[in-house]
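Thanks, everyone; I would like to take a few minutes to go through the disulfides of this model and the sheet beside which we will discuss them. Please have the sequence and the structure open as I talk.

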Amino acid sequence: MASSSSRLACCLLVAAVLAVAMAATTCMAQNSREDFVNPHNAARAEVGVGPVRWDDAVAAYAQSYAEQRRGDCQLRHSDTGGKYGENLFGGGGGDWTAGDAVALWVKEKQWYDHGSNSCSAPEGSSCGHYTQVVWRDSTAIGCGRVRCDNGGAFITCNYSPPGNYVGRPPY
């Protein structure tokens, strides 16, 4: 017959395993297709642009590139050969989510002036991530995410067809 302390230790172990499993599930749930698509479409709706849809081929490209960045987590754009537009996000701590990435890109809206199709972002910032999110002609997205070897996160979204053509407004 097991002692009280053995049963208690067993219960604590089960509770710890369940907590880890729930945290992993929560983390994965915060990086689903919808967690990428929904905030994109919310930003697009604000400016009267139609929604994007998830595209498995674009997502496969994005995830493959994210896997290539796992070792160094550097924010370097892939060479899409003009096939896709691309937004990148990365940071220390691997708990960054899809929503965090898209929120940061959409936050650039504050510096974009649609009337003049210009950006007044402070040095080191841009509007290009935002304009790609709301680019009218981009109708499909696919995104990838990895936890890097250094513990950080690397998130990429690719857009088809690509946007951000010089001199053309996004919407």
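Let me begin with a definition: a residue is called buried under 20% relative accessible area, exposed over 50%, and partly exposed in between, with a 1.4 Å probe and protein chains only. This is a predicted model, in which local features need pLDDT of at least 70 and side-chain atom pairs count only at pLDDT 80 or more, while totals for chains, interfaces and linings use all residues. Residues are numbered from 1 along each chain as its sequence is written, and side-chain values use heavy atoms, with hydrogens and water left out.

The structure holds 3 disulfides, a disulfide being a pair of cysteine sulfur atoms within 2.5 Å. In the link of Cys-119 and Cys-127 the sulfur atoms are 2.0 Å apart; Cys-127, at 4% relative accessibility, counts as buried, whereas Cys-119, at 40%, counts as partly exposed.

Cys-143 and Cys-157 form another, with sulfur atoms 2.1 Å apart, and this pair joins strand 5 to strand 6 across 14 residues; strands here are DSSP runs (E, at least two residues) and helices likewise (H or I, at least four), numbered from the N terminus. Cys-143 is buried at 6%, and Cys-157 is buried at 0%.

Finally, Cys-73 and Cys-148, both buried, have their sulfur atoms 2.2 Å apart, and the link is right-handed, with 70° about the S-S bond. Cys-73 lies in the loop between helix 3 and strand 2, and Cys-148 in the loop between strand 5 and strand 6, 75 residues apart.
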